[in-house]
Amino acid sequence: GNPLTYTWTYGGITKTGETATFSFPTPVFGANSYTVGLTVTDGDKSDTTNVAVNVGPYCYSCNGQQIP
């Protein structure tokens, strides 16, 4: 078969490769969810999926800090 191409997207940023790294804003309180898209293609066919990345709040007390 044809080689696979991986395309990742988040927040208007596109990266290629079998893996990708993105930076997500860290919420102060509560948690936020961010959507990352992945499209895999072999040149003839492609498939796309989205996954939610949940980011918890920064733990100030865990790092010896007070909440601002």
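At 17% relative accessibility, Tyr-60 counts as buried (buried means under 20% relative accessible area, exposed over 50%, and partly exposed in between, with a 1.4 Å probe and protein chains only). The model is a predicted one, in which local features need pLDDT of at least 70 and side-chain atom pairs count only at pLDDT 80 or more, while totals for chains, interfaces and linings use all residues. Residues are numbered from 1 along each chain as its sequence is written, and side-chain values use heavy atoms, with hydrogens and water left out.

Leaving aside residues up to four places away in sequence, Tyr-60 touches Val-28, Gln-65, Gln-66, Ile-67 and Pro-68, where contact means heavy atoms within 4.5 Å. Val-28 is 32 residues away from Tyr-60 in sequence, yet the C-alpha to C-alpha distance between Tyr-60 and Val-28 is 8.8 Å.

Together with Phe-29, Val-28 and Ile-67 make a nonpolar surface patch of about 320 Å². Patches are made of residues with over 30% relative accessible area and no salt bridge, with like charges joined within 9 Å and nonpolar side chains (Val, Leu, Ile, Met, Phe, Trp, Tyr) within 5 Å; a salt bridge is a side-chain nitrogen of Lys or Arg within 4 Å of a carboxyl oxygen of Asp or Glu. Phe-29 belongs to the loop between strand 2 (13–16) and strand 3 (32–41). With 62% relative accessibility, Phe-29 counts as exposed.

The wider fold comes next. The protein chain has four strands and zero helices, and its elements run β-β-β-β from the N terminus on. The radius of gyration of the protein chain is 17 Å, well over the 11 Å that the globule rule gives for 68 residues, so the chain is more spread out than a compact globule. Here the radius of gyration is taken over C-alpha atoms, and the globule rule is 2.2 Å times the number of residues to the power 0.38. Along the principal axes, the C-alpha atoms fill a box of roughly 55 × 20 × 15 Å. Of the 68 residues, 15% count as buried. The chain exposes about 5,100 Å², with carbon and sulfur atoms supplying 51% of it; accessible areas come from the Shrake-Rupley method with a 1.4 Å probe, and for residues only the protein chains shown count as cover. Among contacts between residues at least 6 apart in sequence, 45% join residues at least 24 apart.

Strand 1 (residues 5–10) and strand 2 run antiparallel and are joined by four bridges. Trp-8 has Lys-15 in strand 2 as its bridge partner, and Tyr-10 is partnered by Ile-13 in strand 2. The hairpin of strand 1 and strand 2 has two residues between the strands, and Gly-11 there takes a positive phi near 55 degrees. Gly-11 is exposed, with a relative accessible area of 67%. Gly-11 and Gly-30, 19 residues apart in sequence, are 20 Å apart in space, C-alpha to C-alpha.

Strand 1 also runs antiparallel to strand 3, with five bridges joining them. In this pairing, Thr-5 stands opposite Thr-41 in strand 3. Thr-41 is partly exposed, at a relative accessible area of 24%. Apart from residues up to four places away in sequence, Thr-41 touches Pro-3, Leu-4, Thr-5 and Ser-46. Tyr-6 lies 35 residues from Thr-41 along the chain, with 6.7 Å separating their C-alpha atoms.

Strand 3 and strand 4 complete the account. Ten bridges join strand 3 to strand 4, and the two run antiparallel. Asn-32 has Val-55 in strand 4 as its bridge partner. The hairpin of strand 3 and strand 4 has four residues between the strands, and Gly-43 takes a positive phi near 95 degrees in this hairpin.

Note on methods:
Two strands pair if DSSP finds at least two bridges between them.
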